[in-house]
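Hi there,

Here is the structure I promised to pass on. Please have a look at it first, and then read my notes below.

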Amino acid sequence: MQIASMHFKERAHDNMGNAQLQGNLQKIKGKFVAKRRESLTELDDFEATREAGKAIRQRALDNLDVWLEIFEKNAVARGATVLWAETPADINAYVLDIARRHGVKKIIKSKSMVSEESALDEAIEAAGLQVVETDLGEYILQINDYEPPSHIIGPALHKSKEEVADLFAKTHGTPRKTEIGELCLEARGVLRTHYLTADMGIPGGNFFVAETGSVVLVTNEGNATLTTTLPKVHVAISGIEKIVPTLEDVATLMRLLPRSATGQSISNYVDILTGIKGEGEFHGAEHMYFILVDAGRSAVLSGELKEALRCIRCGACMNHCPVYQNIGGHSYGWVYPGPIGSILTPSYIGIEKALDLPQAATMCNQCGVVCPVKIPLPDLLRKLREQQFERHLRPWTERFGLRAWSWLASRPALYSAATRIGVRILAWMGGRERLIRSLPFGGGWTDGRDMPAPAGKTFRELYAGKARR
């Protein structure tokens with residue numbers, strides 16, 4: 001996938017002016033929020049469950065090297081092969097090598113965000129092999145010239161059913177359908193032939209379980225089950241941070257993941273796959289591979305942003321983020337959108353390649369409040385901003401302004417006097433309508449909006465007057 005995170009402002013501006021996209025975003029806004037809220041009432045103590053989930057994820061990260069070794073030992077003991085990908089390019093190299101070794105011609109995939117990091121589909125096609133995405137959202141994006149996903153859980157949420165109808169009619173050569181059920185049946189019919197003729201299945205992995213050497217897959221369409229049991233070769237790809245110690249830990253996390261993601265008590269399908277097909281078993285892969293991906297994760301683990309690796313990819317942070325809700329996922333320019341993407345993207349590809357993402361937040365903390373594993377997202381975004389400031393990666397005008405404000409704020413008397421003068425000037429600029437239509441040195445704020453003018457007194461003055469009364 002091409003990295004376009006340096007163009008966040010331009011992409012966000014274009015998306016704000018895209019009437020079709022804005023209409024689609026309005027249709028989904030709040031749906032996940034309401035469903036999540038309703039599902040949480042089923043838990044006796046949601047906050048205690050969150051705390052338990054946080055502890056499980058942190059326990060795994062604190063001793064990640066140990067759990068990875070345990071996972072490898074147990075996976076190998078059950079007939080699997082464990083491979084370690086240091087870079088995104090290593091993912092593609094491993095997959096293509098496995099395909100050559102087993103004479104693979106067709107590959108089917110279940111949704112995998114990590115494979116998006118390496119543009120695996122494009123690499124497979126470049127090698128002359130066929131690859132088919134089986135997650136409905138990912139399939140829609142694939143047949144639309146590999147359009148990037150816009151959401152972790154619902155990759156094609158930015159599209160309307162009318163757009164999908166046009167795409168299906170064009171790609172499949174069938175009469176145009178507009179009912180969602182009919183579109184799903186059409187996709188099912190097309191994909192079913194690929195399930196039955198594929199040589200290799202590639203899913204992601206919601207969790208890798210150390211004690212059993214298993215991969216846990218969570219879906220609502222059942223595509224991951226078919227992807228991993230019908231082809232003779234199964235290749236599960238996920239980041240090293242997805243390790244959890246035990247199946248009991250998975251049970252706890254599953255009380256959080258579907259509720260936070262889609263507002264369900266449990267997903268329709270939860271697959272726990274361990275080892276290759278045994279003697280006398282009808283279904284299952286004859287060859288099983290795990291590709292555990294670093295690609296910058298070790299560096300994050302050793303730094304001050306390590307709490308971000310607790311993420312279980314539920315998407316709750318973006319569902320509640322006012323920025324994401326209005327600009328969509330493509331504005332972020334890489335694999336991971338929303339608040340968590342604004343942290344992971346600079347961490348994985350380099351902060352200098354994603355200068356605007358740490359600024360793409362209101363710091364309202366809705367994302368931090370809803371995160372099921374209590375990642376302090378605004379705090380991590382603030383740390384990234386500090387790193388940018390220290391490395392002189394922000395414009396000189398911004399750095400000068402912040403230093404000037406810091407100097408002034410550390411001198412209370414001067415700060416009080418300056419704010420009194422500033423408030424009175426802004427009140428005067430508002431005129432009779434009490435609206436500021438043009439703000440010197442702040443055109444970005446007033447080019448597209450009018451700002452309400454202050455009342456003419458500072459908070460200190462108003463508070464002092466109230467206290468005297």
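Let me start with a pair of residues: Val 209 stands opposite Ser 214, which belongs to strand E6. Please keep in mind throughout that this is a predicted model.

The two strands around that pair are E5, covering residues 207–209, and E6, covering residues 214–219; they run antiparallel to each other and are joined over three bridges. Both belong to an open sheet of four strands, arranged in the order E8-E5-E6-E9 with mixed pairing. At the edges sit strand E8 (243–244) and strand E9 (269–274), each of which pairs on one side only.

Now to the charges. Side chains of opposite charge can pair when their charged atoms come close. Across the whole structure, the search turned up 22 salt bridges. One of them links the side chains of Arg 50 and Glu 47, with 3.1 Å from N to O. Because these residues are three apart in helix H4 (residues 46–62), about one helical turn lies between Arg 50 and Glu 47.

Finally, the overall layout: the chain is divided into domain 1 (49–298) and domain 2 (396–468). Taken over C-alpha atoms, the centres of domain 1 and domain 2 are 51 Å apart.

Note on methods:
Residues numbered from 1 in each chain as written. Predicted model: local features only at pLDDT ≥ 70, side-chain atom pairs only at ≥ 80, totals over all residues. Heavy atoms only, no water. Pairing = 2+ DSSP bridges. Domains from an automatic or database assignment. Salt bridge = Lys/Arg side-chain N within 4 Å of Asp/Glu carboxyl O.
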